[in-house]
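User: Hi! I am new to reading protein models. Could you show me how to read some features, step by step?

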Amino acid sequence: MSEKQQRLVFSIIDFLNQSIADGTVKADDREGLEVAIQCIGEAFNVDPSDKQQADNLSIKPTTLQSIFDVYLQTRNNAAAASSHQPPPKAPTPDHKAQADAHKQRGNSLMSAKKYDDAIQAYNDSVALDPTNPVYYSNRAAAYSSKGDHLAAVGDAEKAISIDPKFLKSYHRLGHAYWGLGDTDKSLEAYQRGLKQDPQNESLSKALRDAQDRIATSSEPTVSNPSPSTDPSPSLSDMASMLGGLGGGGGGGGLPDISGLMNNPQMRSMAQQMASNGGLASLMQNPGVQNMMNRIQSGNMPSMEELMSDPTLRNLANQFGAGAGRP
């Protein structure tokens, strides 16, 4: 049974449990529904009370109800588009200027991690100029940054429908699907973009990186490796490397984040950490998750900016302490 099927079953059970909790289901029907939930869980080997399984299968903050709502909205939009309605009026030069100003404000709010305010700024841009794919694409990035990948899919697809050659939209779409756990759709999004421009290096790299991550996650892990024989690097080893890379292109003598991502030794170390579970542990840190969301959505942070984040700074201090141990 695939993880995708289990995710669907987990979401159904979550919806049914929520329906019991909020009183949607009558008291007389609760017992029968609880029995049905137990049977469904056993049939698909899904146990919502198992924290590890819940962390792996949950699609929060998205819910099954919100997914269904998006489907209905998409279907209705498609029906409206096929009814030969006239296209929206072209914005006036003044409206275009105002829309661009809102976009710039949204970009600044994104840098400040004020994602809800950024979304509102992009809303203002769309209201003034609904014909510009950039506004939908930027709003998709804001939605993904706050974890609402489902909304990001809708905006990325809207941007593509306006201008299929605006390639950044395919980046947004691929990242959003990856955030939803749909790796097939993520790869498909990058491939759709490459059909528009087969030589685009950015999309090619995004596709390769996604394929590498899928391959790495499917590799068998080593159970309880012996400390004396385990060749995989620890977080302390990575800390030592980060210390050795100081004085690069980042601010304040810190290495440039893009340089770290492209360093062969760093990439090799990350792959080895993935094989022994170290990378999975690292990715549970909220600061690291937010950093990866920003990188994948095209909003590359500087190392100086990363170190200004208290969560990441504390994590770096922990690494440094680990690196100093014998």
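Analyst: Happy to! Let's begin with salt bridges. The general idea is a side-chain nitrogen of Lys or Arg within 4 Å of a carboxyl oxygen of Asp or Glu. This is a predicted model, and the structure holds 12 salt bridges.

User: Which residue forms a salt bridge with Arg-7, and how far apart are the closest N and O atoms?

Analyst: The partner of Arg-7 is Glu-3, with the closest N and O atoms 3.6 Å apart. Both residues belong to helix H1 (residues 3–21), where they are 4 residues apart, about one turn of the helix.

User: Where do the two residues of the salt bridge between Lys-146 and Asp-116 lie?

Analyst: First, the bridge itself: the side chains of Lys-146 and Asp-116 meet at 2.7 Å, N to O. This pair links distant parts of the chain, with Lys-146 in the loop between H7 and helix H8 (149–162), and Asp-116 in helix H6 (residues 115–128), 30 residues apart. Lys-146 has a relative accessible area of 38%, so it is partly exposed.

User: What does the salt bridge between Asp-155 and Arg-139 tie together?

Analyst: The side chains of Asp-155 and Arg-139 meet in a salt bridge at 2.6 Å, N to O. Asp-155 lies in helix H8 and Arg-139 in helix H7, so the pair ties together parts that are 16 residues apart in sequence. Try the cut-offs again here: Asp-155 has a relative accessible area of 7%, so it is buried. Arg-139, at 12% relative accessibility, counts as buried.

User: Which residues are linked in a network of salt bridges?

Analyst: A network of salt bridges links Lys-4, Asp-182 and Asp-184.

User: Next, helices. How many residues does helix H7 have, and what span is expected?

Analyst: The general idea is to compare the reach of a helix with the span expected at 1.5 Å a residue. Helix H7 (residues 133–145) has 13 residues and reaches 19 Å from its first C-alpha to its last, close to the expected 18 Å.

User: Why is H7 described as largely enclosed by the rest of the structure?

Analyst: Look at the burial of its residues: 12 of the 13 are buried, so H7 is largely enclosed by the rest of the structure. Among the buried residues are Pro-133, Tyr-136, Ser-137 and Arg-139.

User: What can I look for at the two ends of H7?

Analyst: At the start, a side-chain oxygen of Asn-132 reaches to within 2.9 Å of the backbone nitrogen of Val-134. Just after H7, Gly-147 takes a positive phi of about 95°.

User: Which residues is Ser-169 in contact with?

Analyst: Here we set aside its neighbours within four places in sequence; the contacts of Ser-169 are then Ser-137, Ala-156, Ala-159 and Ile-160. Ser-169 lies in helix H9 (residues 168–179). With a relative accessible area of 0%, Ser-169 is buried.

User: Where is Pro-91, and what is it in contact with?

Analyst: Pro-91 is in the loop between helix H4 (64–81) and helix H5 (93–111). At 14% relative accessibility, Pro-91 counts as buried. Leaving aside neighbours within four places in sequence, Pro-91 is in contact with Lys-96, Leu-128, Asp-129 and Thr-131. Pro-91 and Asp-129 are 38 residues apart along the chain, with their C-alpha atoms separated by 5.6 Å.

User: What about a charge over a ring: where does the charged end of Arg-213 sit?

Analyst: The charged end of Arg-213 sits over the ring of Trp-178, 4.2 Å from its centre.

User: Finally, how many helices and strands does the protein have?

Analyst: The secondary structure comes to 18 helices and 0 strands. Of the 326 residues, 34% count as buried.

How values were computed
Residues are numbered from 1 along each chain as its sequence is written. This is a predicted model: local features need pLDDT of at least 70, side-chain atom pairs count only at pLDDT 80 or more; totals for chains, interfaces and linings use all residues. Side-chain values use heavy atoms; hydrogens and water are left out. A charge sits over a ring if NZ of Lys or CZ of Arg is within 6 Å of the ring centre and within 35 degrees of the ring normal. The expected span of a helix is 1.5 Å times one less than its number of residues. Buried means under 20% relative accessible area, exposed over 50%, partly exposed in between (1.4 Å probe, protein chains only). A polar contact is a pair of N or O atoms within 3.5 Å; within protein, one must be able to donate a hydrogen and the other to accept it, and residues adjacent in sequence count only if both atoms are side-chain atoms. Contact means heavy atoms within 4.5 Å.
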